[in-house]
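I opened the notebook to record what I looked up in this structure. Entries follow in the order I made them.

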Amino acid sequence: MQIQPIEYALFCDYANVSMDGKLNMSGIFDRIMTEQVPAVHPQMFVVSKLFLPKGKHSITFTLMQQDKVLAKAQFDKEIETELAVHNHFWGIQGLKIESMEPIELQVLIEGKQVLVKRLPIVKVEKRGEPKKD
Amino acid sequence: MKTTIPFVHFCDHASMSTDGKLNLNGIFESLFAMEVPTKHPQMYVLTRLHLGKGEHTFMLTLQQEDKVLAKTSFEIAVTQKTQEQNHLWGVFDLELQSYDPLTLKVYENGDEIDSATLPIYRLPKPFKKPTKEN
């Protein structure tokens with residue numbers, strides 16, 4: 001049976017693991033709303049669940065807009081059991097969004113792309129000024 | 001288009017905020033019990049559905065072997081070409097009869113389309129404090 005190396009990757013406002021090993025994800029979203037670009041997204045977390053076989057692994061997470069890399073995280077993980085589950089948290093602060101092009105999350109293991117996920121950027125109208133009496 | 005389920009989460013609490021964002025608290029992938037039968041006081045099952053245009057009828061069951069412990073049904077009408085939909089199911093006082101794994105089964109129009117399993121582990125009973133008489 002072929003095991004997918006990544007079960008999911010979710011964008012959220014905040015994520016943590018409690019002392020009893022349970023995962024908490026607050027504010028899971030699948031699009032970004034902005035009035036204008038360029039804009040700065042103050043904080044987000046990318047939470048993913050990876051299945052890794054025994055051995056050393058090089059894992060790369062990248063957020064891109066077209067060909068431009070907005071943020072990148074690379075880490076190595078050594079697995080000593082036959083198969084391990086790894087929940088990965090990537091916290092990103094002050095992400096600069098340059099255009100209305102969708103953001104693309106790319107996950108690579110050993111340089112091989114295992115996931116691409118698109119996060120659309122949606123333009124919202126400016127809130128109206130309050131009416132003067 | 002065939003319905004797909006990108007992910008399922010079991011958690012202590014789940015909610016949707018007014019801005020449409022999803023909150024999942026206490027996601028777990030196994031259950032622990034010192035003895036059976038026992039009651040799990042509260043859990044939420046989040047199912048993310050990727051749906052095509054049309055009307056969909058779903059049934060979710062939580063079962064141990066062939067015994068259905070809880071079930072829910074719902075309908076979704078999709079007017080766009082595709083739609084991603086979160087479904088939250090609150091399950092209270094779930095009676096676990098044995099240490100057999102708990103299985104979530106997802107049915108669409110009576111056909112099983114996906115499943116997810118939660119193993120149940122036996123926890124050792126805590127030692128009793130020695131009393132003065134002992």
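**Entry 1**

I counted 9 C-beta neighbours inside 10 Å around B:Asp93, so B:Asp93 counts as exposed. The model is predicted, and I kept that in mind throughout. I looked up B:Asp93 for its backbone. Its phi is near 50 degrees, a positive value in a residue other than glycine. I then placed B:Asp93 in the fold: the residue is found in strand S5 of chain B.

I checked chain A for a residue of this kind and noted A:Glu110. Phi of A:Glu110 is near 55 degrees, again positive in a residue that is not glycine. A:Glu110 is found in a loop, between S6 and strand S7 (112-119) of chain A. Is A:Glu110 buried or exposed? I found 12 C-beta neighbours inside 10 Å. The cut-off for exposed is 12 or fewer, so A:Glu110 counts as exposed.

**Entry 2: Cis peptide bonds**

I went through the omega angles next. In chain A, the bond joining A:Val37 and A:Pro38 is cis, with omega about 0 degrees. A:Pro38 lies in the loop between strand S3 (32-34) and S4 of chain A.

In chain B, the peptide bond from B:Val36 to B:Pro37 is cis, with omega near 0 degrees. Where does B:Pro37 lie? I found B:Pro37 in the loop between strand S3 (31-33) and S4 of chain B.

**Entry 3: Chain A as a whole**

I listed the secondary structure of chain A. There are 8 strands and 0 helices. Along the sequence I read the pattern β-β-β-β-β-β-β-β.

I then looked at the dimensions. The C-alpha atoms of chain A fill a box of roughly 70 × 40 × 25 Å along the principal axes. How much of chain A is buried? Of its 133 residues, 17% count as buried. I also looked at the contacts in chain A with a separation of 6 or more. Residues 24 or more positions apart account for 67% of them.

**Entry 4: Strand S4 of chain B and its partners**

I followed S4(B) through its pairings. With S1(B), the pairing is antiparallel over 6 bridges. Which residue of S4(B) stands opposite B:His9? I found B:Leu46 there.

S4(B) also runs antiparallel to strand S5 (residues 67-96) of chain B, and 25 bridges join the two. Here B:Leu46 turns up again: its bridge partner in S5(B) is B:Leu88. S4(B) and S5(B) form a hairpin with 2 residues between them. I checked the turn and noted B:Glu65, which has a positive phi of about 50 degrees.

S6(B) is another antiparallel partner of S4(B), joined by 7 bridges. I picked out one pair: B:Met59 has B:Tyr107 in S6(B) as its bridge partner.

**Entry 5: The nonpolar core**

I looked up the largest nonpolar core and found 32 residues in it. Those with the most contacts inside the core are A:Leu10, A:Cys12, A:Met25, A:Ile28, A:Val46, B:Cys11 and B:Leu24. Which elements each supply at least two residues of this core? From chain A I listed strand S1 (6-17), strand S2 (23-29), strand S4 (39-65) and strand S6 (103-109). From chain B I listed strand S1 (4-16), strand S2 (22-28), strand S4 (38-64) and strand S6 (102-108). S4(B) gives the most to this core, with 6 residues.

I then took B:Cys11 and listed what it touches, leaving out residues up to four places away in sequence. The set is B:Leu24, B:Asn25, B:Gly26, B:Ile27, B:Phe28, B:Met43, B:Tyr44 and B:Leu46. B:Leu24, named above among the core residues with the most contacts, is one of the residues that B:Cys11 touches.

**Entry 6: Where the chains meet**

I turned to the interface last. 12 residues of chain B are in contact with 12 residues of chain A. On the side of chain B that touches chain A, the elements giving two or more residues are S1 and S2 of chain B. S2(B) gives the most to this side, with 7 residues. I sorted the residues of this side by type: 6 are nonpolar, 4 polar and 2 charged.

How many bridges join S2(A) to S2(B)? I found 3, and the two strands run antiparallel. In one of these pairs, A:Leu23 has B:Ile27 in S2(B) as its bridge partner. B:Ile27 is also one of the residues touched by B:Cys11.

How values were computed
Residues numbered from 1 in each chain as written. Chains lettered and ligands numbered in written order. Predicted model: local features only at pLDDT ≥ 70, side-chain atom pairs only at ≥ 80, totals over all residues. Core = buried A, V, L, I, M, F, W, Y, C linked by C-beta atoms within 7 Å. Buried ≥ 20, exposed ≤ 12 C-beta atoms within 10 Å, placed from the backbone. Helix = DSSP H or I, 4+ residues; strand = E, 2+ residues; numbered from the N terminus. Contact = placed C-beta atoms within 7 Å. Pairing = 2+ DSSP bridges. Nonpolar A, V, L, I, M, F, W, Y, C, P; charged D, E, K, R; others polar.
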